[in-house]
Amino acid sequence: MSTAMNFGSKSFKPRAPDKGAFPLDHFGECKALKETFMKCLRSNNFDNSLCRLQSKHYLECRMDNQLMAKEPLTKLGFKDLMDPPPSQADTDPEP
Amino acid sequence: MLLPVLLRPSLCRPRASVFLTRCVRTLRCDAPMPPPLSRAEHFLLRRLPARLHAQSRGIKSRGRKSKSQEETWKSRNKTGLTYIAAAGVGMIGLSYAAVPLYRLYCQASGLGGTAVAGHDAEQVEMMTPVKERVLKISFNADTHASMQWNFRPQQSEIFVVPGETALAFYRAKNPTNTPIIGISTYNVVPFDAGQYFNKIQCFCFEEQRLNPHEEVDMPVFFYIDPEFAEDPRMARVDTITLSYTFFEAKEGQKLPLPGYSYN
């Protein structure tokens, strides 16, 4: 589909990720945190805004276990979670 | 009276002779106007050719006219040809200029899903989530027919807002007894929204090796550009589908990284 040569046809151009690819977690070092994150998602009706703390923990685990390039988490969009969060439970989900 | 007219027609100058006799007649008769042609005179005028006489009159003046006419034609042809040649060269130039111009136009109008000019890594730090606009991201996983991995998403959908980073997981399992190397690509629909879908890190475009009977979690860390909320074309878009497809990577085969021409 993305190689259609029609003029004006919308096609998708895949882009490489900004920071490259995640190395595979062959030993399951961060699997527990991943399960916590998935549990949080399921209980919150798959609302990402409410589970950002868990995703932050998962990424920290990855960095600690050499599965991700170490980087300040503010650069990954977790600026609001670095300070003690005022109230993360106040955001109401609107599916 | 008519008899002399009928008896003396001359082929060289038929008309003149007819008129001559008539004029002579009028002179003799002292008539102010020549009488209208009688039937016999009509007959004579018609039957006898009058071409030669008429032709001999125009040749000399036409000769003079054609020369100047030819000159004007020549000069007109020259100007015409110059214009045509200039237009031809202009067309060739336009066709060369069209390539960068079209690229600029595509970037400005976003036609064809071209990447909106540059999203940089610094933006991730600075962006603020647009909390009013909730989007549903649904996940899809595919494998190539000959690829034996079991590949599926761990959540069917997730609700995000533009400007907020999100994490999602896929799971892949190698049920065979041999290690298999896979490589994946992705697709985002709708295509227009694809330009706002930015992946910070994922598992695509690089070879991933799975040992026999191994199962791994594959995360995708992404965000939707906050400018998504301001694009009028995206006003009706509420669902974005992210679809990954895994292929088997053969030894020694290099997959070209995307973004070779536009990024």
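In this predicted model, 46 residues of chain A are in contact with 55 residues of chain B, contact being heavy atoms within 4.5 Å. Numbering runs from 1 along each chain as its sequence is written, and chains are lettered from A in the order in which they are written. Local features need pLDDT of at least 70 and side-chain atom pairs count only at pLDDT 80 or more, while totals for chains and interfaces use all residues.

Let's look at where the two chains meet. Put together, they bury about 4,700 Å²; that is the accessible area (1.4 Å probe) both parts lose, summed over both. F12(A), R15(A) and F22(A) supply 18% of what chain A buries against chain B, more than any other three residues.

| Interface item | Value |
|---|---|
| Buried area on carbon and sulfur atoms | 58% |
| Salt bridges | 1 |
| Residue pairs in polar contact | 22 |

A salt bridge needs a side-chain nitrogen of Lys or Arg within 4 Å of a carboxyl oxygen of Asp or Glu. Here K34(A) pairs with D217(B), with the closest N and O atoms 3.1 Å apart. Polar contacts are N or O pairs within 3.5 Å; within protein, one atom must be able to donate a hydrogen and the other to accept it, and residues adjacent in sequence count only if both atoms are side-chain atoms.

Helices are DSSP runs (H or I, at least four residues), and strands are E runs of at least two. On the side of chain A that touches chain B, α1(A) gives the largest share, 7 residues. As for chain B, it has 6 helices and 9 strands.

Conventions
Side-chain values use heavy atoms; hydrogens and water are left out. Buried area is the accessible area (1.4 Å probe) that two parts lose on being put together, summed over both.
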